[in-house]
Amino acid sequence: MTRLWLSPAPLILASGSVTRRDMLVAAGLPVETVKPGIDERAVEKPLAAQGVTADRIAAALAEAKALSVSQERTGRIVLAADQTLTCEGVAFHKPEDATSGSSQIASLAGRRHELHSAFALARDGEVLARGCETARLTMRPFDSAFIARYVEAAGPAILSSVGGYQLEGLGAQLFERIEGDHFTILGLPLLPVLSALRDLGHLAR
């Protein structure tokens, strides 16, 4: 499948996310992963203070990650992504522990929230392409006893995703309605990424 990839070196994914890496590999792209050394909250905090919308914050974070790694890996194509979650204007972040994860899930229960997944492609400190997609998800209503059962069953996985759930796993049991692209929900708008790589000449058409 890597014959579809036209560049001599693999794509660099500026992320430690196994889910994002697996999506790209399944789509036939050779991938190397490099964790970007940026302080995400330091990037996000001033933007939030200025009233910048959640989708634009996700885009800014993706670009910061892509630029950081691309400046270190000369000549390489670097892909970065970021995801933000908002519910009725309130921004959520990855829970720090089981208690905060339970609190996030309780806050989202019975309500609709938005996931904004942004990407940026960069080379040598220059952004070559960018994009952002939004999905809307509605959690079903449930009580505190169910949340406790869910958090115990999901274990440490609730700490790895904003909102305290992974839709590809036990998190599917939390929802009653989903509007949007599955890849976007998982944290990488894959189809726009592939389109951008084709436009840049790195994937076969």
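**View 1. Surroundings of L174.** Leaving aside neighbours within four places in sequence, L174 is in contact (heavy atoms within 4.5 Å) with M139, R140, F142, F146, Y150 and Y165. This is a predicted model, in which local features need pLDDT of at least 70, side-chain atom pairs count only at pLDDT 80 or more, and totals for chains, interfaces and linings use all residues. Residues are numbered from 1 along each chain as its sequence is written, and side-chain values use heavy atoms, with hydrogens and water left out.

**View 2. The largest nonpolar core.** A nonpolar core is a set of buried Ala, Val, Leu, Ile, Met, Phe, Trp, Tyr and Cys residues joined through side-chain atoms within 4.5 Å. Buried means under 20% relative accessible area, exposed over 50%, and partly exposed in between (1.4 Å probe, protein chains only). The largest such core has 23 residues, of which M139, F142, Y150, Y165 and L174 touch the most other members. Two or more residues each come from β3 (78–87), α4 (98–108), β6 (126–139) and α5 (144–154); helices (H or I, at least four residues) and strands (E, at least two) are DSSP runs numbered from the N terminus. Helix α5 gives the largest share, five residues. A second, separate core has 21 residues, including L13, L24, A81 and L197.

**View 3. The salt bridge between E32 and R76.** A salt bridge is a side-chain nitrogen of Lys or Arg within 4 Å of a carboxyl oxygen of Asp or Glu. Ten are found in a search of the whole structure. In the bridge between E32 and R76, the closest N and O atoms are 3.3 Å apart. The pair links distant parts of the chain, 44 residues apart: E32 is in strand β2 (residues 31–33), and R76 is in the loop between α3 (54–72) and β3. E32 is partly exposed at 30% relative accessible area, whereas R76 counts as buried at 17%.

**View 4. The salt bridge between E44 and R41.** The closest N and O atoms of this pair are 2.5 Å apart. About one helical turn separates E44 and R41, because they are three residues apart in helix α2 (residues 40–49). E44 is buried, with a relative accessible area of 9%, while R41 is partly exposed at 42%.

**View 5. The salt bridge between R111 and E88.** The side chains of R111 and E88 meet at 2.8 Å, N to O. R111 lies in the loop between α4 and β5 (112–123) and E88 in the loop between β3 and β4 (90–92), so the bridge ties together parts 23 residues apart in sequence. R111 is partly exposed, at 27% relative accessible area; E88 is exposed, at 60%.
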